[in-house]
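We will go stop by stop.

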Amino acid sequence: MTDRKIAFLGTGLMGAPMARRLLGAGFAVTVWNRDRTKADALASDGAAVAATAVEAANGASVLFTMLTNAGAVSEILFGSGVADALKPGAVVVDNSSIPPPIAREHAAKLAERGIRHIDAPVSGGVVGAAAGTLAIMAGGDAEVIDSVRDVLAPLGRVTHVGPSGAGQLAKLGNQQIVAVTIGAIAEAMLLVEAGGGSREAFRAAIRGGFAESRILDLHGQRMIERNFEPGGTARNQLKDLDTVLDAAQSLSLHLPLTEAVRAEFAEFVEKGGGESDHSGLLLHLEEKNARGKA
């Protein structure tokens, strides 16, 4: 499809299906992951597997990072030598969810080397990554984003939301809505069931009304089936909510709903629910109500 070489660093839960989408679209993709077995799994899809992040970055014109947190992104870009391996004019697309000030810092440090940067966190989970329907929230220069739209197209829908760091702020807003909605649906199901109703019938009854949402569709079904194998973990949801509240504090904002749901996720994670899907907050609320009745 193109002679541009793509490097994809971080082929975990989200990164692997995203890299597969790029391979399926005909791009030449070199992958790297700290746990090499996760990168090796993409070889059968046509990926070249690099032994190091620097090896993957060599010669890449577009480099994706989909890593756990800001520390991991900083270490890979600037600690391991990836930024030095990229040629001026290359574009770094960071799909990781990290604090906005750190995204801006990364953009500035890369610009000193003549490398362009987009903070482009995504929403849509593993299902969206596999289907190529991710919502991609991009911060940075519009011309840079336009230059890689063909590369981003197999992954989902990209929207330029503002300058460097704005993509991360949009993702934080997304995570606020997700977390509060998960909590609201879980509490509503508890209420209906406590009064003698059926959770499944309740969800079916409100589908198509004002409460309809992707969360009600997917996570509501998870709550009914009690399937809490992680798409997005409760631990990562808590991490994002902490980042939201840090950003709010820096902007002199008070977000009481976010603070309340953050407290519940913190308790759920503390009690061992960190690796559950974030819709597993239902389990915490059930247990809390059982204690209240005891």
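A salt bridge here is a side-chain nitrogen of Lys or Arg within 4 Å of a carboxyl oxygen of Asp or Glu. By that rule the count is 19 salt bridges. The model is predicted: local features need pLDDT of at least 70, side-chain atom pairs count only at pLDDT 80 or more, and totals for chains, interfaces and linings use all residues. Residues are numbered from 1 along each chain as its sequence is written, and side-chain values use heavy atoms, with hydrogens and water left out.

**Stop 1: a salt bridge.** Select Arg 4 and Asp 150. Their side chains form a salt bridge, 2.5 Å from N to O. Arg 4 sits in the segment before strand S1 (5–9) and Asp 150 in helix H9 (residues 149–152), so the pair ties together parts 146 residues apart in sequence. Helices (H or I, at least four residues) and strands (E, at least two) are DSSP runs, numbered from the N terminus.

**Stop 2: H11 and H12.** Select helix H11 (residues 199–206) and helix H12 (residues 214–225). They pack at about 165°, with axes 10 Å apart. Axes are lines fitted to C-alpha atoms, for helices over the stretch in contact, and angles run from 0 to 180 degrees between N-to-C directions. H11 and H12 are therefore roughly antiparallel. The word applies to angles over 145 degrees; under 35 is roughly parallel, 65 to 115 roughly perpendicular, and the rest oblique. Now show side chains. Arg 199 and Ile 206 are among the H11 residues in the contact, and Leu 216 and Met 223 among those of H12. Contact means heavy atoms within 4.5 Å.

**Stop 3: H10 on H12.** The axes of H10 and H12 come within 10 Å and cross at roughly 45°. That makes H10 oblique to H12. Residues of H10 including Val 178, Ile 182 and Met 189 meet residues of H12 including Ile 215, His 219 and Ile 224.

**Stop 4: H10 on H13.** Where do they touch? Leu 169, Leu 172 and Gln 175 are among the H10 residues that meet H13, whose side includes Gln 237, Leu 241 and Ala 247.

Stop 5: Select Leu 253. This residue is in the loop between helix H13 (234–250) and helix H14 (256–273).
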